[in-house]
Amino acid sequence: MPTAQPDDHQVDFHFDVMCPWAYRTSIWIREVRRLTGLTINWKFFSLEEINRVEAKLHPWEREWSYGWSMMRIGAILRRRDMGLLDDWYLTAGRALHEHGRRPHDPSVARILLAEMGQDPAVLDEAIADPTTHDEVRAEHDRVVAAGGYGVPTLFFPDGQCFFGPVILDAPTGAAALRLWAALDTWREFPNLSRSNGRSRPNTSAPSTLRSSPTWPGGTGSASTGAGWCPSTIRRSPRPGEPCRRGGSVSRRVPEQPGRVRPERRLARHSPTTGRRNT
């Protein structure tokens, strides 16, 4: 089995719990960690903020705000142990994207914390602590400053950042390592911007995810109000330069004409640019 271990064997993984694409990629990156010992530093990014309609409140101006508030819970847990944030993201992500539960509902979030063996009062602690706003916002701003508009976004110690890979069915075993090796190889060519393959249909996604309320084009109810994940970001060859898309390891999100985003408070954006349509 290939080892596929980059010299700087760690990665910052920016996510929003509400994004089904980032969730699938997080399953894959955990498999890479299991096989190689990769260190994953979980970081935040807000789809609510990047998609905010002008004149609407910022998520940090609301008492409770879907993905943002779940990340504030994650911030408190991470201060104690990165492993707790890992567990929170996996627990909340699975609940939302595979089981159709509503972790962005405070009552459900409390139940999920208890299922993790954590005190449900962690939610109250997170919401009462204004510095959790600052923590989430700083990490969101980091992605935006690098030219990012969506998740998953990966940052490496050498300053390069990628959007993706966006995957429908998380590979395991040797296949997971081949994908990781492909991403690492891509980093060797800082002047290569993108090399997209053809888009693939959603039918290759696991059945549990295709029926999820948050899966774009899925058969489940859209009542969860999950945010949609803008799909274009650029990868940064050097610190301070814009992110660029991860090319062949980050295949274009399949476009779905006429798809309506479930969360009405989020602006409608182009499925290829992540920018608002006018």
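Me: Which residues have the most contacts inside the largest nonpolar core?
Reply: This is a predicted model. In it, F15, W28, I73, W88 and W180 have the most contacts inside the largest nonpolar core. That core holds 65 residues. Its largest share comes from α4, with eight residues.

Me: What makes a set of residues a nonpolar core?
Reply: The members must be buried residues of the types Ala, Val, Leu, Ile, Met, Phe, Trp, Tyr and Cys, joined through side-chain atoms within 4.5 Å. F15, W28, I73, W88 and W180 belong to such a set.

Me: What does F15 touch, beyond residues up to four places away in sequence?
Reply: The list is A22, W42, K43, F44, F45, M71, L85, Y89 and V151. Each counts as a contact because heavy atoms come within 4.5 Å.

Me: How is the protein chain built, from the N terminus on?
Reply: The order is β-α-β-α-α-α-α-α-α-β-β-α-α-β. That comes to nine helices and five strands.

Me: What share of the residues of the protein chain count as buried?
Reply: Of 278 residues, 56% count as buried. The cut-off is under 20% relative accessible area.

Me: What share of the contacts joins residues 24 or more positions apart?
Reply: Among contacts with a separation of 6 or more, the share is 73%.

Me: How do you know whether α3 is roughly parallel or roughly antiparallel to α4?
Reply: Start with the angle. Helix α3, residues 66-80, packs with α4 at about 150°, and the axes are 6 Å apart. Angles over 145 degrees count as roughly antiparallel. Therefore α3 is roughly antiparallel to α4.

Me: Which residues make that contact of α3 and α4?
Reply: From α3 come M70, I73, G74, L77, R78 and R80. From α4 come M82, L84, L85, W88 and A92. By class they divide into eight nonpolar, one polar and two charged. Gly is classed as polar, and Arg as charged.

Me: What makes up the contact of α4 with α5?
Reply: W88, T91, A92 and A95 of α4 meet A109, L112 and L113 of α5. The classes are six nonpolar, one polar and no charged residues.

Next, single residues.

Me: How do you know whether G150 is buried or exposed?
Reply: Its relative accessible area is 0%. Buried means under 20%, so G150 is buried. G150 lies in the loop between α7 (131-145) and β3 (153-155). Its C-alpha atom is 7.7 Å from that of F45, 105 residues apart along the chain.

Me: How does S65 score, buried or exposed?
Reply: S65 has 1% relative accessibility and is therefore buried. S65 sits in the loop between α2 (47-50) and α3. Beyond residues up to four places away, S65 touches E48 and P59.

Me: What makes A55 buried or exposed?
Reply: A55 has a relative accessible area of 81%. Exposed means over 50%, so A55 is exposed. A55 also lies in the loop between α2 and α3.

Me: What is the phi of A55?
Reply: Phi of A55 is positive, about 80°, although A55 is not a glycine. Most residues other than glycine have a negative phi. Y66, in helix α3, has a positive phi too, near 25°.

Me: What is the peptide bond from V151 to P152, cis or trans?
Reply: That bond is cis, with omega near 5°. P152 is in the loop between α7 and β3. The bond from G164 to P165 is also cis, with omega near 5°. P165 is placed in the loop between β4 (161-163) and α8 (173-186). Most peptide bonds are trans.

Key: Residues are numbered from 1 along each chain as its sequence is written. This is a predicted model: local features need pLDDT of at least 70, side-chain atom pairs count only at pLDDT 80 or more; totals for chains, interfaces and linings use all residues. Side-chain values use heavy atoms; hydrogens and water are left out. Helices (H or I, at least four residues) and strands (E, at least two) are DSSP runs, numbered from the N terminus. Buried means under 20% relative accessible area, exposed over 50%, partly exposed in between (1.4 Å probe, protein chains only). Axes are lines fitted to C-alpha atoms, for helices over the stretch in contact, and angles run from 0 to 180 degrees between N-to-C directions. Angles under 35 degrees count as roughly parallel, over 145 as roughly antiparallel, 65 to 115 as roughly perpendicular and the rest as oblique.
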